[in-house]
Amino acid sequence: MDFVLSGVAACGACLFTNPLEVVKTRMQLQGELKSRGTYQVYYRNVFHAFYTIGKVDGLAGLQKGLVPGLFYQFFMNGVRLGSYAIIDSSGYIHTNGRVSAVKTIVAGAVAGVVGAVMGSPIYLVKTHLQSQSTSSIAVGHQYKHQGMIHALAAIYREHGILGLWRGSSAAVPRVSVGSAAQLSTFSSSKELVFPKDSWLVALSAGMISSVVVVLAMTPFDVVSTRLYNQPVDHLGKGQLYTGFTDCFSKTLKKEGLTGLYKGLGASYFRLGPHTILSLFFWDELHILQNFTY
């Protein structure tokens, strides 16, 4: 039940935040491995990107990748939050009756790694679909998938089962860092704010957690997006990067530190509400479950 509640909570958040995920993906791919001023800027900021995509690709363009997004949120966060809930209920993260910062970071990271590996093929397809756009505003490599099933079948046909886990080397650090930051600050914040029986506890803790998550996770998120979206040769090897470290160093060298924080605003507008909503739904569903039993 923990896994199902966690997945449903994440899907509820995804319905509202998917358009911001599309914006974030486009901004992270814009000017890939190019110095500032040497490429055309299609998306000046979050709001301009939102307007441009809606105008050129239509309102449906803002919900690209929604189906794999929902699948990813259900399975990845179902496993991640469900695993964390089991670890939490076992008493592991508490020391002398209080939440242990170190133990929550470890528990969050472990839960994140499990979720990242399970959800990697879906995230790969989601990234491909969200980067696809009309040629006049296209950024990054453009795949020609017609939907989630078509994409999964095409990747499997061309590169086998391992091809579906391409880019997972970035997914593991991305989700483990984000998960550790999110769940540790959420659990710690809940002890500090408002009366314990107030719904404001989960909401406020989620707001505090979201700021920490975005700052810690964005560089890993940029690298992850680029590794997933890069073109590959007939053997399935990346044509731009060999792996996580190579992508990180090339981006830093070509685009500077700001390159690793591309789409920071979009990341917060996406991750902020998503973190707040998913953790709030997760907490409230647990309360409802306990009340029902």
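# Close-up views of a predicted model

View 1. Tyr-72, Val-125, Ile-155, Val-175 and Tyr-228 touch the most other members of the largest nonpolar core, which has 15 residues. A nonpolar core here is a set of buried Ala, Val, Leu, Ile, Met, Phe, Trp, Tyr and Cys residues joined through side-chain atoms within 4.5 Å. At least two residues of this core come from each of H3, helix H4 (101–131), helix H5 (148–163) and H6, and H4 gives the most, with six. Helices (H or I, at least four residues) are DSSP runs, numbered from the N terminus. This is a predicted model, in which local features need pLDDT of at least 70 and side-chain atom pairs count only at pLDDT 80 or more, while totals for chains, interfaces and linings use all residues. Residues are numbered from 1 along each chain as its sequence is written, and side-chain values use heavy atoms, with hydrogens and water left out.

View 2. Setting aside residues up to four places away in sequence, Tyr-228 touches Ser-120, Tyr-123, Leu-124, Thr-127, His-128, Arg-166, Gly-167, Ser-168 and Ala-171; contact means heavy atoms within 4.5 Å.

View 3. Eight salt bridges are found in the structure, each a side-chain nitrogen of Lys or Arg within 4 Å of a carboxyl oxygen of Asp or Glu. Here Lys-24 pairs with Glu-21, with 3.5 Å between the closest N and O atoms. Both residues sit in helix H1 (residues 2–29), three residues apart, about one turn of the helix. Lys-24 is buried at a relative accessible area of 0%, and Glu-21 is buried at 5%; buried means under 20% relative accessible area, exposed over 50%, and partly exposed in between (1.4 Å probe, protein chains only).

**View 4. A salt bridge between distant parts of the chain.** Asp-57 and Arg-26 form a salt bridge, their closest N and O atoms being 3.3 Å apart. Asp-57 is in the loop between helix H2 (46–56) and helix H3 (66–89), whereas Arg-26 is in helix H1, 31 residues apart. Asp-57 counts as buried at 17% relative accessibility, as does Arg-26 at 0%.

**View 5. Helices H6 and H7 joined by charge.** Arg-174 forms a salt bridge with Asp-221, and the closest N and O atoms are 2.6 Å apart. Because Arg-174 lies in helix H6 (residues 168–190) and Asp-221 in helix H7 (residues 200–229), the pair ties together parts that are 47 residues apart in sequence. Arg-174 is buried at 4% relative accessibility, and Asp-221 is buried at 1%. Both belong to a network of salt bridges that links Glu-21, Lys-24, Lys-126, Arg-174 and Asp-221.

**View 6. Aromatic pairs.** The structure holds nine aromatic pairs: rings of Phe, Tyr and Trp (its six-membered ring) with centres within 6.5 Å, where planes under 30 degrees apart count as stacked, over 60 as edge-to-face and the rest as tilted. Phe-71 and Phe-75 are stacked, at 6.3 Å centre to centre and 20° between the planes. Both lie in helix H3, four residues apart, about one turn of the helix. Tyr-268 and Phe-269 are edge-to-face, because their ring centres are 6.4 Å apart and their planes are at 65°.
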